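Let's take a walk through this structure together, starting with the overall fold and ending with a few local details worth a second look.

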Amino acid sequence: MTGSEQQKITGSPEETQRVAQELCRTLAPGAVLALYGELGAGKTCFIQGLAEGLGVEQAVSSPTFTIINEYRSEPPLYHVDLYRIRSEDEALNLGLDEYLYGNGITAIEWAERVESLLPAKTIRIHLTMGDTPDERVISFGR
Ligand code: ADP
Ligand code: MG
């Protein structure tokens, strides 16, 4: 793994999960993580690392039909995947606000679909493909 505080380059899914686990230790209840990146970029993989860091024992997969999965860690982890929503209103109708302003850790895939709903505290994480098939560039910002 290489990179700076704001950017990490990982060479495997396990490394991406480790980056997430490290971030996990710095998160306070109520944290919101917005994940951006194309299909296969590693958003779900990153959230699996968060879950591991929070001690979730259940397997974390992409919610296919559900849009929000809750895991009973302390604080709880809310895994939100907005791939299938068509509007911010639809997200609000699903109760997204309660997660964004609740006391869990909320990690959102396809966060660009609700960009204007994201709180100021949101930590933005961009995942992009690297130079090799197993390389990913993970950038952090606000
Ligand atoms: P997304 O949720 O962004 O669509 P996934 O996390 O479901 O992406 O899938 C990422 C895929 O890329 C997985 O098949 C994973 O094994 C693979 N992969 C290869 N290298 C990496 C890496 N460095 N970090 C994360 N995933 C990787
Ligand atoms: Mg995914």
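What follows moves from the whole chain to single residues.

Please keep in mind that this is a predicted model. The protein chain holds four helices and eight strands, and read from the N terminus their order is β-β-α-β-α-β-β-α-α-β-β-β. The radius of gyration is 14 Å, close to the 14 Å that the globule rule gives for 142 residues, so the chain is as compact as a globular protein of that length. Along the principal axes, the C-alpha atoms fill a box of roughly 40 × 30 × 30 Å.

Next, look at how the chain packs. Of the 142 residues, 51% are buried. Among contacts between residues at least 6 apart in sequence, 60% join residues at least 24 apart.

Now to the metal. Which protein atoms are donors to the magnesium ion (ligand 2)? They are OG1 of T44 and OE of E109, lying 2.1 to 2.2 Å from the ion. T44 belongs to helix α2 (residues 43-54) and E109 to strand β6 (residues 105-109), so this pair ties together parts that are 65 residues apart in sequence. Both T44 and E109 are buried.

G30 sits in the loop between α1 (13-24) and β3 (32-36). Is G30 buried or exposed? Its relative accessible area is 6%, and because the cut-off for buried is under 20%, G30 counts as buried. Leaving aside neighbours within four places in sequence, G30 is in contact with L100, G102, N103, G104 and K121. With G104 in particular, 74 residues away along the chain, the C-alpha separation is 5.0 Å.

Most residues other than glycine have a negative phi, and most peptide bonds are trans. Against that background, the peptide bond from E74 to P75 is cis, with omega near -5°. P75 is found in the loop between β4 (68-71) and β5 (77-81). W110, a residue other than glycine, has a positive phi, near 60°. You will find W110 in the loop between β6 and β7 (123-129), where its relative accessibility of 11% makes it buried.

Conventions:
Residues numbered from 1 in each chain as written. Chains lettered and ligands numbered in written order. Predicted model: local features only at pLDDT ≥ 70, side-chain atom pairs only at ≥ 80, totals over all residues. Heavy atoms only, no water. Helix = DSSP H or I, 4+ residues; strand = E, 2+ residues; numbered from the N terminus. Rg over C-alpha atoms; globule rule 2.2 N^0.38 Å. Buried < 20%, exposed > 50% of the residue type's maximum accessible area, 1.4 Å probe, protein only. Contact = heavy atoms within 4.5 Å. Donors = N, O, S within 2.8 Å, 3.2 Å for Na, K, Ca; no water.
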